[in-house]
Amino acid sequence: MLNIRPLSRERLASLMENATVIEADKKGIKVAVLPDGQYLKFFYRKRFLNRELLAPAAVKFARNAYHLTQLDIPTLQVKALHRIIGEAHTVAIYSPLPGRTLRDIVNSNEADANLMYRLGVFLARVQRQGIYFRSIHPGNIIVNGMDFGLIDILDMRVHWWSLSRWARRRNWRHFFRYPQEWENHGDLIQALIKGYRHSADLPLRELNWLERIIGKFIST
């Protein structure tokens, strides 16, 4: 695992001089692409006195990437962690995961039943391996040829047991959080659920809740 190393404000400014900001909010820059193609992600501490003093979000981000790699699930590769001297935030430098987001592929009408069936198998595997990715959605699932991977992995925990039914339901509700994304894609959804049903480590009779989630969040 990587250690957090100090980084001066001057060195940070030098890194950002020719960087391209791709995400920002009221706190400041969140993600930027450096000239060499690597990404720089900022982690802002929410409160001055909290547990992030002992375990900064950047460390959790790197740890999650490490666990996914150990489980043979494609994800980004964290290269360095830094604490900005004199600032209350940390940064991670990482290599991005090649491919396109599932959201982009679906919105471009390039997704087919085979892709979605394989995605269902992949999501069943993720849950079976104990990965509780609380904010999973089509924007943080990467498709690269026949492989699927995960990005934006801070909001994640890895257990050494298969996920509970409660956690699975929460995952699926978040996946279908924006019903408009799935309008007129009933065939894709059916293929996705078919792949999941065939691979989930639960009896079929215990997957009825999935039909209720689909009916509530989308129109098939």
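I began with His 185, which counts as buried because its relative accessibility is 12%, below the 20% limit. The model I am reading is predicted.

I then looked up where His 185 sits. I found His 185 in the loop between H5 and helix H6, the latter covering 186-199. Leaving out residues up to four places away in sequence, I noted that His 185 touches Val 106 and Asn 109.

Next entry: helices H4 and H5. H4 takes in residues 113-128 and H5 residues 165-175. I read that their axes come within 11 Å and cross at roughly 140°. H4 and H5 are therefore oblique to each other, since only angles over 145 degrees count as roughly antiparallel. I recorded the crossing of H4 and H5 as right-handed.

Which residues of H4 and H5 make the contact? On H4 I listed Leu 119, Leu 123 and Gln 127, and on H5 Arg 168, Asn 171, Trp 172 and Phe 175. Sorted by class, the contact of H4 with H5 has four nonpolar residues, two polar and one charged.

Next entry: the cores. The largest nonpolar core holds 53 residues, and in it Leu 119, Trp 172 and Phe 175 touch the most other members. Apart from neighbours within four places in sequence, Phe 175 is in contact with Leu 102, Leu 119, Leu 123, Ile 136, His 137, Pro 138, Ile 141, Trp 182 and Leu 192. I also found a second, separate core of twelve residues, with Leu 7, Leu 12, Phe 42 and Val 91 among them.

Notes: Residues numbered from 1 in each chain as written. Predicted model: local features only at pLDDT ≥ 70, side-chain atom pairs only at ≥ 80, totals over all residues. Heavy atoms only, no water. Core = buried A, V, L, I, M, F, W, Y, C linked by side-chain atoms within 4.5 Å. Buried < 20%, exposed > 50% of the residue type's maximum accessible area, 1.4 Å probe, protein only. Contact = heavy atoms within 4.5 Å. Axes fitted to C-alpha atoms, helices over the stretch in contact; angles between N-to-C directions. Helix = DSSP H or I, 4+ residues; strand = E, 2+ residues; numbered from the N terminus. Parallel < 35°, antiparallel > 145°, perpendicular 65-115°, else oblique. Left-handed = near helix turned anticlockwise from the far one by under 90°. Nonpolar A, V, L, I, M, F, W, Y, C, P; charged D, E, K, R; others polar.
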